[in-house]
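Student: I would like to go through this structure with you. Could we begin with how its elements are defined?

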Amino acid sequence: MRYKLVFVAGLGLGFVIGTRAGREVYERMKASAKQVAGNPAVRNAAESAAQGGRQAAGRALHVVGDQAQKIPVKIRSRREHNGHYSRQSDRFEDDDWGTSNT
C-alpha cells in the first residue's frame, strides 16, 4: 500500500512539474491530494508503515551492534591462526620473510 501511495504521489508531482497544464489543474490535484491525505484509512496505513519501519530499524541496529562486537574476536583469531600474532605483547612480531642471507 505504501509503495502505491509513493508511486501516485510521484506521478502527481511529475505531472505538475512536467506539464504546462495551468493553475486550475494544479489546484484540483492539490485538493485531491489533501482529501486523500485526510482520509483516516490513509493516515492509519501511513502510521502502520512508519511503526513497522521504526521496528525494523531497531532490529537492524541490534543485529549490527552484535556483529560489530564480534569483529575484534574474529580478527584476533585469524591473526593467531596465521601465526603472525604474539600473545604476550598483543602485537605483530617481526619475521624474516622477504630477507635474504646471500
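Tutor: Helices (H or I, at least four residues) and strands (E, at least two) are DSSP runs, numbered from the N terminus. This is a predicted model, in which local features need pLDDT of at least 70, side-chain atom pairs count only at pLDDT 80 or more, and totals for chains, interfaces and linings use all residues. Residues are numbered from 1 along each chain as its sequence is written, and side-chain values use heavy atoms, with hydrogens and water left out.

Student: How many helices and strands does the protein have?

Tutor: There are 3 helices and 2 strands, in the order α-α-α-β-β along the sequence.

Student: Which helix gives the largest share of the lining of the largest pocket?

Tutor: Helix 1 does, with 8 residues. A pocket is found on a 1 Å grid over the protein atoms alone, as an open set of points where a 1.4 Å probe fits, with protein on both sides within 12 Å along at least five of seven lines; lining residues have an atom within 4 Å of a point. Helix 1, helix 2 and helix 3 (40-82) each supply at least two lining residues.

Student: What is the volume of the largest pocket, and which residues are closest to its centre?

Tutor: The largest pocket holds about 510 Å³ of space. Of its 20 lining residues, Leu-5, Val-8, Ala-9, Ala-33 and Val-36 are the closest to the centre. By class, the lining has 16 nonpolar, 2 polar and 2 charged residues.

Student: Changing topic, which side chains meet in a salt bridge?

Tutor: The structure holds 1 salt bridge, between Arg-54 and Glu-47 at 3.1 Å, N to O. The term requires a side-chain nitrogen of Lys or Arg within 4 Å of a carboxyl oxygen of Asp or Glu. Arg-54 is partly exposed at 47%, and Glu-47 is partly exposed at 46%.

Student: Finally, what share of the residues in the protein is buried?

Tutor: Buried residues make up 5% of the 102 residues.

How values were computed. Buried < 20%, exposed > 50% of the residue type's maximum accessible area, 1.4 Å probe, protein only. Points joined across faces, edges and corners; volume = space filled by probe spheres on them. Nonpolar A, V, L, I, M, F, W, Y, C, P; charged D, E, K, R; others polar.
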